[in-house]
Amino acid sequence: MFRLLGWLFGFGVFCAIAGVAVGIVYLNQVSASLPDYTVLKDYQPPVTTRVHAADGILLAEYAHERRLFQPIETIPPKLLQAFLAAEDKDFYSHKGIAIDGVIRALRDNVMARIDGNNAIQGGGSTITQQVAKNFLLTSEQTWDRKIQEAILSLRIESTFSKDKILELYVNEIFLGLNSYGVAAAALNYFDKALYQLSLSEMAYIAGLPKGPNNYHPFRHPQAAIERRNYVLDRMAEDGYITAEERDTAKAESLNVVPRQSGSQLFSAEYFTEEVRRQLNTLYGEDQLYGGGLSVRTTLEPKLQEYARRSLMDGLIEYDQNHGFRGPVASVDIAGDWGPAIAAVKPLRDVPEWTLAVVLEMDANEARIGLRPETDIEGKLVADRPVGTLAGPDVKWVSKKLSDILKVGDVIYVSPVADKPGSYTLQQVPEIEGALVAMDPRTGRVLAMVGGFSYAESEFNRATQALRQPGSSFKPIVYSAALDNGYTPASVVLDAPIEVVNTDGSVWRPENYAQTFYGPQTLRKGIENSRNVMTVRLAQDLGMPLVTEYAKMFGIYDKLNPVLAMALGAGETTDMRMTAAYATIANGGRKIVPTLIDRIQDRYGKTIYRHDDRICDGCAAADWEHQQEPLIIDNREQVLDPMTAYQITSMMEGVVSRGTGTFAKRLGRPVAGKTGTSNDYKDAWFIGFTPELAVGVYVGFDQPKSMGNAATGGEMAVPIFTSFVEKALKGKPPTPFNMPGGMTQIWIDPATGVKANAGATAIAEAFKPGTGPNLITSVIGVDSAAFQRLEDQNGGGGFGLGDGVMGRLDDEPQEDDGGGNFLFGRGGLF
């Protein structure tokens with residue numbers, strides 16, 4: 001008997017030792033493949049990148065997982081207590097594994113086996129175990145994975161503080177609605193920051209880790225309320241809240257208000273998408289969608305709204321002047337017409353308009369049904385609003401409404417002011433355009449609109465559309481001339497010219513009015529946009545010089561040096577043109593446009609700043625009676641400041657007397673230039689004040705003629721004027737500053753010589769050592785030009801003004817040897 005007992009005891013000891021050995025081997029095998037838990041020390045979870053306007057308003061968020069990392073010190077204690085009550089009440093006392101939870105899990109798994117269910121049953125996981133699983137392991141339900149989870153939990157607890165573990169947990173946990181972490185959940189469920197959450201809202205969020213979809217606030221509202229109430233009960237049991245606080249919170253509804261993602265400024269979509277592209281180029285996709293960047297842009301929300309409105313109004317006016325093209329769609333309105341019209345998607349970024357369906361049609365009046373609203377779950381509400389569309393309220397359509405609409409037609413409408421229930425007809429323009437507004441001193445893009453509607457077309461006409469700038473390129477040619485010996489009073493012949501191309505063909509440039517004007521000063525040439533005169537000027541300068549200036553201004557990277565390019569035949573963008581004009585407004589210092597002021601990483605460290613000017617003395621730690629810091633402008637000087645003032649003054653004349661006179665109504669100094677490309681395919685106006693540089697472009701995406709009246713002066717200048725009027729409202733007019741050392745002299749605008757007393761004159765600014773000629777020097781005169789001009793005028797003469805007259809059959813008084821002919825005051829040609 002004793003031998004048997006001894007043998008059994010020995011066998012038991014052997015089995016125990018063998019079991020321990022097997023267990024050790026098994027644990028070693030399981031442990032061998034464990035990930036390195038120490039990486040949690042340097043763990044950087046993917047965090048949402050947020051883009052803000054200049055005033056701080058949120059423009060956009062970019063993330064694969066919407067997460068905002070929140071240090072535990074800034075998380076409300078009640079929210080942490082709600083998680084502890086719901087998930088792990090003994091978190092601060094256990095060592096990573098809760099024994100009672102393990103026993104409960106074993107019991108559940110044994111019972112499942114008895115019932116024939118071989119799947120691993122959940123339960124019993126502490127917060128530490130969930131950290132191990134979420135950060136370091138997969139979610140597969142196997143014994144190996146559960147044991148690895150337990151081992152990692154023990155190791156994590158021995159390495160990290162409880163607060164650090166809890167911080168990792170509440171920032172990593174998935175809580176539904178694409179929310180990762182408590183800060184994102186507070187925003188996505190309640191549109192609140194953490195500190196703004198009520199006790200009821202905290203309890204609801206804390207109840208979500210068990211299964212966010214099971215407690216969806218709209219799909220399973222009752223289950224969501226019950227889960228919230230369970231958390232509140234547990235908080236009261238654990239002493240975190242009183243019974244009265246619990247009962248008050250339970251009486252509340254869920255109050256879930258899902259936060260709209262993306263821009264909080266409906267008019268900024270083109271701007272934010274351009275910022276996104278730039279961030280992706282600078283930092284790559286991983287940093288953009290997970291780096292937690294904080295981006296402060298240059299956009300001014302009010303100016304952006306003004307820009308959007310001005311461009312939309314201009315495009316709508318042109319479109320309506322060309323008639324109604326037809327309904328958006330036609331639907332069957334039998335029965336409930338709400339779902340039928342709801343299926344037609346509206347332009348989400350034109351909130352002033354709504355879709356409507358024609359319910360009844362009389363001769364010149366329609367009863368319309370407005371597209372129904374949707375509730376918070378995206379379902380159609382029961383209300384079916386209706387209204388009236390009356391012919392007299394649709395002033396831009398001359399036909400009767402019954403001639404253009406029928407029952408079932410879906411159209412865009414907008415309310416008629418001061419007439420409740422009445423609407424007017426709208427339609428999405430076919431024509432497109434762009435507007436860029438920037439600070440001419442810094443290049444900060446204050447507003448940018450890339451088309452009528454981003455929802456309709458994401459193509460950004462401000463930065464992506466390559467179009468011919470036409471005559472708006474001429475100031476670059478004239479700037480090159482003024483920088484190289486010409487003055488605003490220099491005279492160039494405007495007469496027929498023939499240019500023989502390399503293929504033997506002949507190019508004969510013409511003016512807009514298809515006539516020629518004889519000798520003209522540079523000022524008159526730019527004010528009246530003389531094409532032929534500009535070609536002669538570029539020919540005299542040499543196109544290689546003109547192309548170099550175009551490159552320095554940033555308009556083109558490489559321009560073909562042929563004379564047609566002097567008239568803006570090369571393709572460029574609205575953004576580049578506006579930056580070039582801003583360079584002139586900035587006294588000739590190169591302006592590089594920027595949409596981003598500053599970028600900070602997730603820790604608040606500035607990693608990008610647009611303004612890279614040198615600040616001498618800005619790094620001083622304390623003030624010790626030193627001089628104020630000196631800002632050194634190290635930007636490239638691409639144009640002489642005096643030249644910049646001269647061309648600015650000449651472009652002021654474009655607004656005062658030339659092709660941009662519509663902008664005179666602004667009542668302030670404005671310089672600018674219109675542009676119209678061949679066959680009226682593109683219309684431009686780029687202009688600036690001392691405070692603002694603005695570029696406007698209008699044209700069809702598939703280039704075609706907009707009509708013979710569609711010039712830059714007719715199409716683009718009114719849009720520019722509308723925007724600048726709003727943008728600078730209340731600001732006093734500011735004159736353009738003339739650099740020191742320049743001299744103003746009264747000039748005869750026709751001859752370019754010094755004006756006589758009492759004669760028509762204009763004040764021109766001259767650089768030191770220059771001034772008006774005593775006699776008129778005409779650049780570009782040759783016998784062929786005279787003959788062609790004589791043919792146009794039928795042998796008649798043309799005048800230079802102030803008694804300087806000549807006939808085409810007269811001989812020039814003197815040839816200066818360079819093809820330039822000199823005319824004395826009162827002399828003849």
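Trainee: Which residues do ring pairs link into a cluster?

Mentor: Ring pairs join Tyr 189, Phe 190 and Tyr 204 into a cluster. Keep in mind that this is a predicted model, in which local features need pLDDT of at least 70 and side-chain atom pairs count only at pLDDT 80 or more, while totals for chains, interfaces and linings use all residues. Residues are numbered from 1 along each chain as its sequence is written, and side-chain values use heavy atoms, with hydrogens and water left out.

Trainee: What makes Phe 190 and Tyr 204 an edge-to-face pair?

Mentor: Rings of Phe, Tyr and Trp (its six-membered ring) pair if their centres lie within 6.5 Å, and planes under 30 degrees apart count as stacked, over 60 as edge-to-face and the rest as tilted. By this rule there are 17 aromatic pairs. For Phe 190 and Tyr 204 the centres are 6.3 Å apart and the planes stand at 80°, so the pair is edge-to-face. Phe 190 belongs to helix 7 (residues 182–190) and Tyr 204 to helix 8 (residues 199–206), where helices are DSSP runs of H or I with at least four residues and strands are runs of E with at least two, numbered from the N terminus.

Trainee: How do you know that Lys 164 and Glu 167 form a salt bridge?

Mentor: The term requires a side-chain nitrogen of Lys or Arg within 4 Å of a carboxyl oxygen of Asp or Glu, and here the N to O distance is 3.3 Å. Both residues lie in helix 6 (residues 162–172), three residues apart, which means that about one helical turn separates them.

Trainee: Why is Lys 164 called partly exposed, and what is Glu 167 called?

Mentor: Buried means under 20% relative accessible area, exposed means over 50%, and partly exposed lies in between (1.4 Å probe, protein chains only). Lys 164 has 27% relative accessibility and therefore counts as partly exposed, whereas Glu 167, at 9%, counts as buried.

Trainee: What are Glu 432 and Arg 461 to each other?

Mentor: Their side chains meet in a salt bridge, with 3.7 Å from N to O. Glu 432 lies in strand 10 and Arg 461 in the loop between strand 11 and helix 15, so this pair ties together parts that are 29 residues apart in sequence. Glu 432 is buried because its relative accessible area is 3%, and Arg 461 is buried because its value is 2%.
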